[in-house]
Amino acid sequence: MNALLNDSKEHINALLERILEQRKAVAPRLNEAMRYALVLGGKRVRPFLTLQVGQLCGASETSLNHAAAAIECVHAYSLIHDDLPAMDNDTLRRGQPTCHIAFDEATAILAGDSLQTLAFELISRPDATLNPRRQLEMIHVLAEASGDRGMCGGQALDLAATGQQLPESELAQVHIHKTGALIRAAVQLGVLAGHDSAQAHRANFDAFAHYLGLAFQVRDDILDVIGETSALGKTQGSDINANKATYVSLLGLDGAQQRLHDLHHKALHALAKIPYNTETLEAFADHLLNRDH
């Protein structure tokens with residue numbers, strides 16, 4: 001799995017570099033900040049899922065590259081804005097200064113805005129290998145996952161919950177939207193870019209992504225307590241210091257570990273219903289939910 005992940009990360013990084021290099025910079029400092037946030041570091045979880053699911057579903061390389069790059073652009077923009085003083089006020093991301101620290105707050109905001117719009121520029125590019133209706137649905141999926149009914153809505157819920165002890169059902173809603181929405185979108189894009197026959201399995205792929213996304217956040221909450229800053233690439237204990245509602249604060253460390261196990265099992269159960277060779281996705285889920293950073 002490590003070799004596959006490294007190869008995939010190299011492919012995605014090269015793809016993102018190429019996309020940025022091909023753009024004529026109107027404001028070079030802005031493009032420098034976009035590159036800083038997009039290319040330098042990151043696990044590439046979401047584009048990896050898009051590529052792997054799309055390959056299983058018979059999608060073309062062109063379609064998958066556009067979709068994978070688009071989902072990572074949205075993710076990078078969200079991290080820039082999450083780190084801003086008005087939001088989580090973080091100074092460290094991916095082991096280096098956050099974008100607003102490395103540049104300035106105004107440039108960071110514009111870099112995030114630009115990466116968001118770049119995502120839709122990429123996913124809407126003419127693509128002869130895609131059914132136009134399916135491509136339009138891909139654009140819709142990414143838009144809904146990014147906005148008030150997805151990631152941004154989840155961030156708003158997260159900010160409102162600061163300093164509160166939420167019941168688990170409400171905490172789950174925060175993370176289903178804030179973290180889970182883009183992971184689900186990444187998988188949906190891979191299916192939608194695939195053959196007509198693959199669409200019959202879209203609901204099972206979506207269930208896998210739903211449980212994986214929630215489990216991913218539970219693992220994040222656990223790592224905030226037991227991880228080390230050098231491995232995490234962000235400040236250990238930052239959620240506790242910010243008085244955030246987390247699965248560990250709600251369930252305790254052992255309870256959070258049990259919830260992680262339950263969600264992991266449900267994700268694998270959803271995969272088992274898909275009549276494709278999903279071994280790579282199973283191995284990736286194991287890797288992701290047992291990671292140390």
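Ser63, His66, Ile123, Arg125, Asp127, Leu130, Gln135 and Met138 line the second largest cavity of this predicted model. The volume of this cavity is about 30 Å³. Helix 4 contributes at least two of its lining residues, and so does helix 7, which spans residues 132-146.

A search of the whole structure turns up two cavities of 30 Å³ or more. At least two lining residues come from each of helix 2 (28-39), helix 4 (61-82) and strand 2 (96-97). Helix 4 gives the largest share, three residues. Eight residues of this lining are nonpolar, two are polar and three are charged.

The next feature is a pair of helices. Helix 3 covers residues 45-56 and helix 15 covers residues 279-289; their axes come within 11 Å and cross at roughly 165°. Because of that angle, helix 3 is roughly antiparallel to helix 15: angles over 145 degrees count as roughly antiparallel. The crossing of helix 3 with helix 15 is left-handed.

On the helix 3 side, the contact is made by Val45, Phe48, Leu49, Gln52, Val53 and Leu56, while helix 15 brings Thr280, Leu281, Phe284 and Leu288. Eight of the residues in this contact are nonpolar, two are polar and none is charged.

Notes. Residues are numbered from 1 along each chain as its sequence is written. This is a predicted model: local features need pLDDT of at least 70, side-chain atom pairs count only at pLDDT 80 or more; totals for chains, interfaces and linings use all residues. Side-chain values use heavy atoms; hydrogens and water are left out. Axes are lines fitted to C-alpha atoms, for helices over the stretch in contact, and angles run from 0 to 180 degrees between N-to-C directions. Helices (H or I, at least four residues) and strands (E, at least two) are DSSP runs, numbered from the N terminus. Angles under 35 degrees count as roughly parallel, over 145 as roughly antiparallel, 65 to 115 as roughly perpendicular and the rest as oblique. A crossing is left-handed if the near helix is turned anticlockwise from the far one by less than a right angle, and right-handed if clockwise. Contact means heavy atoms within 4.5 Å. Ala, Val, Leu, Ile, Met, Phe, Trp, Tyr, Cys and Pro count as nonpolar, Asp, Glu, Lys and Arg as charged, and the others, Gly among them, as polar. On a 1 Å grid over the protein atoms alone, a cavity is a set of points where a 1.4 Å probe fits but cannot get out, and a pocket is an open set with protein on both sides within 12 Å along at least five of seven lines; lining residues have an atom within 4 Å of a point. Grid points are joined across faces, edges and corners, and a volume is the space filled by probe spheres set on the points.
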